[in-house]
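Dear colleague,

I am passing on the structure we spoke of, and my notes on it follow below. Please read them with the coordinates open beside you.

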Amino acid sequence: MRLTYTCSACKKQNYLKEKAETRPDLQMKIGKEEVLVNCNNCGKMDKKHLNQITAVVDNRIIFTGLIVGIISTLILWIYFGAIATLSFAIPLFFWIGENKALSGFNKYTIRRK
């Protein structure tokens, strides 16, 4: 899971360096309700409320699950034959885990003061 925000000037999606499982965890880590961000595309400094930060799927984790699934399928194919194709479901487990983390972050919003 990666935390993203959209630049208000150029409308490009940027990634936040901080990592947290939920918005309250992110708020405790930062210590405030707003975070100062710098756009990688246009360089604009901006303040974003934590509710404007969303979580998206980290494709690196899905790709890692795909590689692990392919390697385990090939290794198990040698010993168990066609039944080893069931290990190709490993990327699906990585994807399901990512989606649960995303929904946990994106569902909860912080009350504005």
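**The largest pocket**

In this predicted model, the largest pocket holds about 200 Å³ of space. The residues that line the largest pocket are Y5, Y15, L16, K17, E18, V35, L36, V37, N38 and N40, and sorted by class they come to 6 nonpolar, 2 polar and 2 charged residues. Strand 3, which spans residues 34-38, contributes the most to this lining, with 4 residues.

**K29 and its surroundings**

One of the lining residues, E18, also turns up around K29, which belongs to helix 1 (residues 23-30). When the neighbours within four places in sequence are set aside, K29 is in contact with E18 and K19, and the side chain of K29 comes to 2.5 Å from the backbone oxygen of K19. As for G81, it lies 52 residues from K29 in sequence, and the two C-alpha atoms are 49 Å apart in space.

**The cysteines**

The structure contains 0 disulfides. For C10, the nearest cysteine sulfur is that of C39, at 3.6 Å, and C10 is in no disulfide because a disulfide requires sulfur atoms within 2.5 Å. C39 is likewise in no disulfide, its nearest cysteine sulfur being that of C10. As to accessibility, C10 is partly exposed, with a relative accessible area of 24%, whereas C39 is buried, at 4%.

With best regards

Methods:
Residues numbered from 1 in each chain as written. Predicted model: local features only at pLDDT ≥ 70, side-chain atom pairs only at ≥ 80, totals over all residues. Heavy atoms only, no water. Helix = DSSP H or I, 4+ residues; strand = E, 2+ residues; numbered from the N terminus. Contact = heavy atoms within 4.5 Å. Polar contact = N/O pair within 3.5 Å; in protein donor to acceptor, adjacent residues only side chain to side chain. 1 Å grid on protein atoms, 1.4 Å probe; cavity = no way out; pocket = protein on both sides within 12 Å on 5 of 7 lines; lining within 4 Å. Points joined across faces, edges and corners; volume = space filled by probe spheres on them. Nonpolar A, V, L, I, M, F, W, Y, C, P; charged D, E, K, R; others polar. Buried < 20%, exposed > 50% of the residue type's maximum accessible area, 1.4 Å probe, protein only.
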